Each structure stands twice: as structure tokens, then as C-alpha cells.
Amino acid sequence: MDRSQLLKGLLDIIVLRVLETEDGYGYEILRRLRSAGFDDIGDASVYGTLRRLYRSGHLSTYVQPSESGPHRKYYALTEPGRKHLRQMREAWEDVGAKMRDLFETSEKEQA
Amino acid sequence: MTDTPQKNADIADYRLAVERHLADLPASIREDLLNGLEEHLAEVAADLEPGVPLSHLLGSPEAYARELRETAEFPRASLADRLRRGVWGMADPSLAWAKRTADKFTGSAGVGEAAEFGRTLRPAWWVLRGLVAAALVTRLFVFGGEAPRRAVLSAGILGFLFVVAIALAFVWLSLRLGIRSRDWGRRGRRLTAAGGIALVAAGVLSFAWIADGFVFRLGPQMGALEAGNETEYVSDVYVYDENGELLTGVYLFDQHGNPLYLGEPWSCDQETANNPFEREGATPDPFAAPPLDEERYGYRYPLCLDAEEPAADASGPPYELDDEHDATESAPEEPTTEAPSEPTGTSPELSETPTG
């Protein structure tokens, strides 16, 4: 199944989560996602999500020079961003628990 | 990795191609995306071996633009949503307070949270909706606008059973609708709720006459008292003293000193009318009171001065006066040329002397 549709609704929570503990810049964020196993998320999705979260005030940015190349635009969570992440995490855990129950009960019925 | 002219040209080309595919986005979003895009692409390109095009890592500019717009764009209804959120946001503190208070109220009564309690009331609302619908339909289509109470009384037991059957049918339909509407979308449920409220409002308007007797008769009112015959209204008032003499130029007040507007001055014949609205033309009357302000003193009785007096007139007053009943107790009813003993402290001043 194409997981990109499923992931699209989770992009906010995924991007906010990987920035929660450490600020990051665009391409680096994508690499963090890759190392977390999210191979289906493209660069454009990450960039688009970053800009949208920035416009809605959930992220702030600052620029830092890098030794090896162009300046990098770092993204950091704002207070509303942290709150948004907390709320979405609660929602996700609620839905996740229900989904687990749903599958477990239906498997029991089948068995 | 250092910048090379070739790499920079590749980035600029890629950005331009993406820009072309984003042309239809709202200007503010498009600019925000494009402003930072070149920096972002440069970060990505820094990872590439020299000579490898960006599209090798990122795919075609067209696909990149498609993915970008899917994630970067707010939902279409964003303006309306944001407005709504803004309004709710402003109302939030008071809404939260209202909810807490309501919860406390229902919670202290032992029925749990207010919202939960509201849900348990839903079937009761469905029953009420059905009953109102039945009442409206019965009144409008079955009895042709006649008040069901009288119509049912005259129709007897069969009519009563008929009305009960209609009520049961509509309550059943309403319950069914309530159960069904739970599966409908938000819009369907809202429409159903609005329809139900409109129906009950129509019912309240249509059956306001039930409350009429309780509510509107409390204050001074216009000729609404029913005479002995249930269907006839009082059109005039005749006051007799203990000798059976008809009193004229009488004003009526209630216990608060407010005028009683009984009768219908406009029902008199033009020529004989002691029309309170045309005092100048009033018949000269030895007991004629000075022109008084109708708003303060009400009508002057009898309204139809020369009209035939009630049939009971020939044999004295239409009722036997109780001797123990001191005439002065009904004093406010006979303000002739003298000031009446005041019914209460708030009584209007009737002691004005006639002018001219």
C-alpha cells in the first residue's frame, strides 16, 4: 500500500517531533527522518511542512553559516509548536490505542 | 562541497521549474515557499557529487512542486476556518466558564456532566418535537384552525382517540428521525435540529392562546374579560349604586390603581357613543367628569351612553347588593365629580376640578 497518503496526515507531528529535542535545517531534517525509517517522505513534503508550520507560528527560524557550504536555515519549535505537538501526540496515542484494540479484538474473533 | 557555477545554474533552473508549477497558489504562500527554496535546494545540492543534477535526488520539478503544494497549502476553507477559530478563540474563556458552571450545576444534582446529561435528554426532546408536530397538524389540517381543546370536546370520545392516534404517530416518526439522524453528517444533524427548533417555535406561536389567560390578564388589558356567555366579550360596563341607579362617568381601576380597559368603545354607534377618544363631542352630562387623560384613568363608563341598558335594568340592578358590603369599598369605581377614596397610594389623582 502507498504509505505516503497515510503519512501525509502525520507530517506535522513527525516534523515537530524530530525538531523537539534539537533544532535542525531542511536537508538534515530529512536525513533524521530517513534514519528513523521514514523512507516514503520526500524532500518537498518536509520543506512544505516546515514552511507551513513556520507560517502558522509553530516554528521559528534562524540562519547559521556552515563550514562546508551555504548558510543553513535552522528551524526551532516555538511554544505554540510544543503545545501543538503535545496535543497531536495525545490524539495520536488515543487513536493508536483504539486501532490496536480494534485489530486485536477482530483477530480474536477470527481465531 | 563548494559552490560551482554549474551547480548554481542547476539550482536556479530547478527553482524556476518548480515556480512555474506553483503559479496558481495564493501569492503569499507561493512567495513564502519560493523565497526560501533556493537556499533549501542549495543545502540539498551540497550533498551531491559535482555533476549530478538535483533532479537525481529530488525527482522532477513537476513532482516536487506537486508534493510541495500538497503539504504547504492550508486547506481550501482556511479563511472561514480561521475566522471561526478566531471567534471561538475569543469566546473561549466565557464558554469554558459556562461549561464549568453547567457541569457544577448538573454534577451537584448527581446527574454527571452537563453535556452528558444533555445527551440523555435527547429522547425527551424527540418526544416533545413529535407532540408539537402532532398538535400543529391536528390544529391546522384536521380542525381547520379551530382550537383543538374545543374541537375535541365537541367531537367526543372518537375525536379524542383520533387525536391520541395522531400524537402517537408523530412521536413515533420523531423518535425514528432522532435515531436515524445520529448516522447523518454534521450538516444533516444541524438541519434536523434547526427544523425541530423552528417547529417548536411555530408551536409556541400557534398555541400562545393557552398562555394568554395566565400571562396577559395579569396587567391592564383591552376588553379581554369574557362575559357570562363564554364566547362573547365584554363590550360595555354598567355600574349601579345601591339604589339601583345607573352611574355614569365612571372609571374603573384595579387594586394597584391602574385603569381597567374593559369593553370596546369602538363598538358603540357613532351618535350615541360616549367615545373616550372624542371627548369634545360628548353629550352634556350633569355627572360629566372633566376631560381626563385616558392613559391614566382609562375608559369612562358606560361607554355607549345612550345605548340600551342591560335587560335587568327594569327590575333594578342586575345583582343583589350585599348590605354588609359597604359601597365605599368599591369606591374606585365611582369617581363622579368628587374624588374617589383612593384604592391605593398609587391611585391617580381624580380631584382635579373641571376647567371651563
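**View 1. Overall make-up of chain A in the predicted model.**
Chain A contains five helices and three strands. Followed along the sequence, these elements occur in the pattern α-α-β-α-α-β-β-α. Chain A has 111 residues, of which 29% are buried. When contacts between residues at least 6 apart in sequence are considered, 51% of those in chain A link residues at least 24 apart.

**View 2. The open sheet of chain A.**
In chain A, three strands build an open sheet with the order 1-3-2, and their pairing is antiparallel.

**View 3. Pairing of strand 1 with strand 3 in chain A.**
Strand 1 of chain A runs antiparallel to strand 3 (residues 72-77) of chain A, and two bridges join them. Tyr25(A) has Tyr74(A) of strand 3 of chain A as its bridge partner.

**View 4. Pairing of strand 2 with strand 3 in chain A.**
Strand 2 and strand 3 of chain A are joined by six bridges and run antiparallel. Within this region, Leu59(A) is found opposite Leu77(A), a residue of strand 3 of chain A.

**View 5. Helix 2 of chain A against the sheet.**
Helix 2 of chain A, formed by residues 11-20, lies across strand 1 and strand 3 of chain A. The angle between helix 2 and strand 3 of chain A is about 95°.

**View 6. Packing of helix 3 with helix 4 in chain A.**
Two packed helices are described by the angle between their axes and the distance between the axes. For helix 3 (residues 26-35) and helix 4 (residues 43-55) of chain A, the axes come within 10 Å and cross at roughly 120°. Helix 3 of chain A is therefore oblique to helix 4 of chain A. The crossing of these two helices of chain A is right-handed. On the side of helix 3 of chain A, the contact involves Gly26(A), Ile29(A), Leu30(A) and Leu33(A). These residues meet Asp43(A), Val46(A), Tyr47(A) and Leu50(A) of helix 4 of chain A. Classified by type, the contact between helix 3 and helix 4 of chain A comprises six nonpolar, one polar and one charged residues.

**View 7. Packing of helix 1 with helix 4 in chain B.**
Helix 1 (residues 5-21) of chain B packs with helix 4 of chain B at an angle of about 55°, and their axes are 8 Å apart. The two helices of chain B are therefore oblique to each other, and their crossing is right-handed. Helix 1 of chain B contributes Tyr14(B), Ala17(B), Val18(B) and His21(B) to the contact, while helix 4 of chain B contributes Pro61(B), Glu62(B), Tyr64(B) and Ala65(B). This contact between helix 1 and helix 4 of chain B has six nonpolar residues, one polar and one charged.

**View 8. The side of chain B that touches chain A.**
Chain B places 18 residues in contact with 21 residues of chain A. On the chain B side, helix 2 (27-45) and helix 4 (61-72) each supply at least two residues. Helix 2 of chain B gives the largest share, eight residues. By class, this side of chain B consists of nine nonpolar, three polar and six charged residues.

Methods. Residues numbered from 1 in each chain as written. Chains lettered and ligands numbered in written order. Predicted model: local features only at pLDDT ≥ 70, side-chain atom pairs only at ≥ 80, totals over all residues. Pairing = 2+ DSSP bridges. Helix = DSSP H or I, 4+ residues; strand = E, 2+ residues; numbered from the N terminus. Contact = placed C-beta atoms within 7 Å. Axes fitted to C-alpha atoms, helices over the stretch in contact; angles between N-to-C directions. Nonpolar A, V, L, I, M, F, W, Y, C, P; charged D, E, K, R; others polar. Buried ≥ 20, exposed ≤ 12 C-beta atoms within 10 Å, placed from the backbone. Parallel < 35°, antiparallel > 145°, perpendicular 65-115°, else oblique. Left-handed = near helix turned anticlockwise from the far one by under 90°.
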